[in-house]
Amino acid sequence: MNHDDMVIDINAMLDNAEPPLAADCCIYKVPNKIRRLNDDAYTPKVISIGPFHHRHHHHPHLQNMERHKLIYFKAFLHRAETTIQPLIYYIESIIPNFRDCYSETLDFTDQELVKLILIDSGFIIELFCRSYKNVAWPEVDALLLKPCLANDIRLDLLLLENQLPFFVVEKIFNISLSAKTNITSFLELTFDYFDYYNTSKLVSNNSDISIRHFTDLLRIFYLQHPLERRPCRINALMNLHHSVTELLEAGVRFKVNTKSNCLLDLRFSGGVLEIPQLSVVDRTESLFRNMVALEQYHYPYESYITDYIILLDFLINTGRDVDILVQKGILINWLGDTDSVANLFNRIGKNVAFANSSSDYYVLCKDLNDFFSDPLHKLKATLRRDYCSNPWQTAATVAGILLLILSLLQSVCSVLQVV
């Protein structure tokens with residue numbers, strides 16, 4: 001054995017060793033143990049953005065949109081108030097930082113990355129500008145005007161693997177268009193494009209809002225900024241032992257929480273569990289899966305979306321649980337099959353790691369477990385179910401009780417008379 005050759009080989013291996021993730025890393029490849037549960041939820045359907053899905057021989061269905069990206073990029077250059085050279089200079093200057101934003105080594109030359117960033121950013125900006133404030137799109141957009149395609153593009157732009165760093169697109173917008181439009185910022189433009197998901201009505205001029213990319217923005221929409229509204233985290237894992245059906249049988253009442261715009265705001269008080277309304281549609285699983293995947297890597301100690309999904313997984317085990325929540329108006333089921341809704345929430349939390357829990361959810365689970373364990377609550381629930389489930393049954397129960405009382409009084413009076 002030639003030791004000198006071995007030393008050379010080992011040193012060469014060490015030279016090629018990958019560095020750890022940079023502090024700026026925010027765009028991640030979804031790990032196989034999670035991806036294999038539903039690969040489609042993480043894979044773009046019509047358009048690739050960024051480097052992870054750019055090799056179209058792996059995804060031939062994405063090739064068709066490349067022509068439209070170029071058409072939009074050309075329109076963006078016509079709209080821009082600068083030439084293409086300053087954009088190229090800027091992108092070349094941030095290539096090292098751009099590479100640091102991705103969890104895997106990018107197998108692209110710097111020149112290839114410049115073209116990719118320039119075209120994808122131009123497409124996004126032009127798309128957002130044409131969508132701004134529902135401005136009428138030109139006739140040449142007949143294809144992209146189709147609702148099904150427009151919705152698929154919007155969903156693809158929210159996938160974790162299908163991202164460009166926000167600061168890059170924002171800077172290209174500022175160089176090209178900021179002084180020429182009536183739009184105050186690229187963040188305002190982004191908020192407008194994704195307004196459907198902004199259920200808490202956050203405003204883009206909030207100086208506290210800083211996002212890494214569009215998936216990060218989606219998570220902020222669900223969390224409802226600002227930071228001080230979020231519950232603290234504790235080093236303990238929440239655990240709820242009972243499903244909706246079991247809790248209902250134990251006397252828990254379910255009600256839609258209409259007091260809060262935040263989807264995560266579940267409350268339990270006085271035997272009533274209030275849950276914000278959630279519409280379950282085709283894209284629901286994909287959206288939550290990508291937010292959970294982002295939290296696994298980027299927010300492992302602030303995994304509020306993951307907590308919410310796990311809590312729903314505790315509550316929903318079967319289609320019967322879904323039926324109860326639908327009847328109470330808490331879930332709006334657009335999937336049709338209640339078992340499909342149950343399976344959706346049961347699958348998302350699989351193979352997910354936990355570091356801590358939301359203090360609010362931890363206390364809520366403890367209170368629900370304690371409520372279920374109290375035999376008095378079970379007795380009340382049984383009496384309510386068996387004897388007071390409807391007005392006629394309640395009337396019959398009351399009449400029976402009165403008849404029993406009268407019979408007892410009659411017996412007592414007879415005994416007293418004899419005595």
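On a 1 Å grid over the protein atoms alone, a cavity is taken as a set of points where a 1.4 Å probe fits but cannot get out, whereas a pocket is an open set with protein on both sides within 12 Å along at least five of seven lines; residues with an atom within 4 Å of a point count as lining. The model described here is predicted, and local features need pLDDT of at least 70, side-chain atom pairs count only at pLDDT 80 or more, and totals for chains, interfaces and linings use all residues. Residues are numbered from 1 along each chain as its sequence is written, and side-chain values use heavy atoms, with hydrogens and water left out.

By this rule there are 2 cavities of 30 Å³ or more, a volume being the space filled by probe spheres set on the points, with grid points joined across faces, edges and corners. The second largest cavity holds about 30 Å³ of space and is lined by Ile275, Pro276, Leu278, Tyr308, Leu312, Leu325, Ile330 and Leu331. Its lining comprises 8 nonpolar, no polar and no charged residues, where Ala, Val, Leu, Ile, Met, Phe, Trp, Tyr, Cys and Pro count as nonpolar, Asp, Glu, Lys and Arg as charged, and the others, Gly among them, as polar. The largest cavity contains about 40 Å³ of space, and its lining, which includes Asn162, Gln163 and Phe214, divides into 8 nonpolar, 2 polar and no charged residues.

The largest pocket has a volume of about 470 Å³ and is lined by 20 residues, of which Thr199, Leu263, Gln277, Leu278 and Ser279 lie nearest its centre. Two or more residues of this lining are given by each of strand 5 (278-280) and helix 11 (284-298), with helices (H or I, at least four residues) and strands (E, at least two) being DSSP runs numbered from the N terminus. The lining of the largest pocket is made up of 11 nonpolar, 8 polar and 1 charged residues.

An open sheet of 3 strands shows the order 2-4-3 with mixed pairing, two strands being paired if DSSP finds at least two bridges between them. Strand 2 (253-256) and strand 3 (267-269) each have a single partner strand and stand at the edges, so one side of each is left without a neighbour in the sheet. Strand 2 runs parallel to strand 4 (residues 272-275), to which 4 bridges join it, and Val256 has Ile275 of strand 4 as its bridge partner.
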